[in-house]
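Start with the structure, then work through the points.

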Amino acid sequence: MSYENYDPSFPDQPVVDMYLPIWARLPAFRHKPAFIWAEEGAEGPSFLTYTQLNSAVHSISSALSQSLQKGDTVVILCQPGLELVEIIFACQRAGLIAVPVTPPHLSLANNHNHHHFVRLSQTKPCAALATRSYIRVAGEYSSCASNRLSKLLEQLRWIATEDLTEQSEHRETSGYEGCRASEVYLIQYTSGATAIPKPVQVTAGAAAHNVRAARRSYDLHPNSTIASWLPQYHDCGLMFLLLTIVSGATCALASPSAFVARPRMWLEMLTEYKATCTPVPSFALPLVVRRGGGTSVLNLKTLKNLIIINEPIVKPSIDEFVRVFFPFGLNPSCISPSYGLAENCTFVSTAWRSGGGGFPIHKNLLPSAKLPTSREEIIEEDIEIMVVNEETHEPVDDGVEGEIWISSPGTALGYLDHPSLTREVFNSRLRDRVASCYVRTGDRGVVAGKERYLYVMGRCSDVIKGAVHPHYVETAAYGSCPRLLRPGCLAAFEHRGVVMLVAEVLKPELEDNALVSVCEGIQNAVWEEERVEVGVVVLARSRSVPKTTSGKVQRWAAKYAFERDELKEVVRVVFGKDGCKSTVFGGRVYVKRVRESEGQGILLAGNRLSLQSSL
């Protein structure tokens, strides 16, 4: 497969790190910023030119090579910033397997570090890279605590990031000694939206192929300027670091916490650096509309690619964002609905170039890809997308929902130490066909219209009653009382045949009758809009609905918390078929008769409330 090159004398490289020294040697790029740290209050250098980045990467990789062997696994425990960028590229040049993770808050009072223990035990790193101050905290924690995490931390070889730049100077070598295309250079975890996060092994060659495909799809080049506040540790945030280097572009960076604290700073980044491209999760757009006000001057005219990630991509929230910021120069044609997953090194597709004057809509969703309609287009495609019957493994007709399967040279190697699951997910084949292997995404999609647009409907494991996607239930529920419910903090799921909905309430101190009325309104709205009978509505306090680091609702975790009675409940209302409504306040059960409802029964046992499906 050939790729467009912006300079005929500059061929594409087998791994991303090999682009860096080539850019650094070109006169036009020596002093060009590769990365800018745009966060307010940043200390030290605020940018890295291509020459500075290449020099720092070479120095750090040389220092790492003196103390570690090629192929060793290292966990990177650094805060977002330019230092993290340098270390990620330095690990690839040193031939190491990097595991970038958010540094855990090590405290005896913090009992929520189980996932950090899991990651260390799964990846088995021989060393950890962190600042001296964090290493000191880790040492104090290990000496005081007596748990599984502290024992793993004690076994690690700690390397201070400050020492790496002091130990070695930049010396040119005769050949590239870093990760080869076929070698694993990164372990990144899945989002955890539908199950416990799994470690994905990414080869250097697959990552390079993936970002080249993204470069072509988004038409990125050396004149592009990217702005991103996404986590730099994995998925889209990490991909845009690689994409910047492959494109020879400039990327302005900030941390997710800075965005959450003040969403307008993202718009100010776009304005200050005249950004042409920026990725943003779909859930963030309503947040910017609600909290993005301010007096600073905004100019969004340069933006050509507003890359919307995190399906489902719902049209009303996009339309509202465009309406609010159109007066500031936002062009509706820049909207780029996209699709990706960790198992394919992140990028899969976008519907951007085909959008033109607007996208077709399917069940209130925007498309994430336009599939080939002719043999010529099929030959040109680099990433093949199929919609397949989950049970028979046969392609479904257009207009029929099925599981999305993909085949690409950019597919990851598999899950670390999960051989059976790797075979099931990464090596699937279509029934009765001699074809390449496909990756089962676990996402349900449908191809609709003559132009064959792909719509990502939701996750297979989240489907309710065999056909209903929970985000429709959640949207209807939120619309019933937006003044009292926290947006983006609702989770619908099925439990023992009963549809349940957990919603965070903004005013838990409301009178009991008002809270019960909210629950009744939710049930009525969901029935009227989706014809789904909600059997249980739980109103909970803030931060009760679990989410991933990227902001996706973890419905499986919400269901688990409900089963273990771990939700911070304010009120729980159960609607039963016998015309009764049971309400729980503070563990006490109140029962009164309401309208008829079908399909559920109630069991009352003391102050505990449980459910059973009617037979």
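In this predicted model, helix α2 (residues 50-67) packs against helix α3 (residues 82-93). The angle is about 55°, and the axes lie 8 Å apart. That angle makes α2 oblique to α3.

**The helix pair**
- Two packed helices are described by the angle between their axes and the distance between the axes.
- The crossing of α2 past α3 is right-handed.
- From α2, the contact uses L53, N54, A56, V57, H58, I60, S61 and L64.
- From α3, V85, E86, F89, A90, C91 and R93 take part.
- Sorted by class, the contact of α2 with α3 has 9 nonpolar, 3 polar and 2 charged residues.

**A closer look at H58**
- H58 sits in helix α2.
- Is H58 buried or exposed? Its relative accessible area is 9%, under the 20% cut-off, so H58 counts as buried.
- H58 and E86 are 28 residues apart along the chain. Their C-alpha atoms are separated by 9.3 Å.

**The sheet**
- Strands of a sheet pair through backbone hydrogen bonds, either parallel or antiparallel.
- Here, 5 strands form an open sheet with antiparallel pairing.
- The strand order is β15-β20-β19-β17-β16.
- Which strands are at the edges? They are β15 (369-370) and β16 (384-388), and each pairs on one side only.
- β16 pairs with strand β17 (residues 402-407) in the antiparallel sense, over 5 bridges.
- I385 has I406 of β17 as its bridge partner.

Note on methods: Residues numbered from 1 in each chain as written. Predicted model: local features only at pLDDT ≥ 70, side-chain atom pairs only at ≥ 80, totals over all residues. Heavy atoms only, no water. Axes fitted to C-alpha atoms, helices over the stretch in contact; angles between N-to-C directions. Helix = DSSP H or I, 4+ residues; strand = E, 2+ residues; numbered from the N terminus. Parallel < 35°, antiparallel > 145°, perpendicular 65-115°, else oblique. Left-handed = near helix turned anticlockwise from the far one by under 90°. Contact = heavy atoms within 4.5 Å. Nonpolar A, V, L, I, M, F, W, Y, C, P; charged D, E, K, R; others polar. Buried < 20%, exposed > 50% of the residue type's maximum accessible area, 1.4 Å probe, protein only. Pairing = 2+ DSSP bridges.
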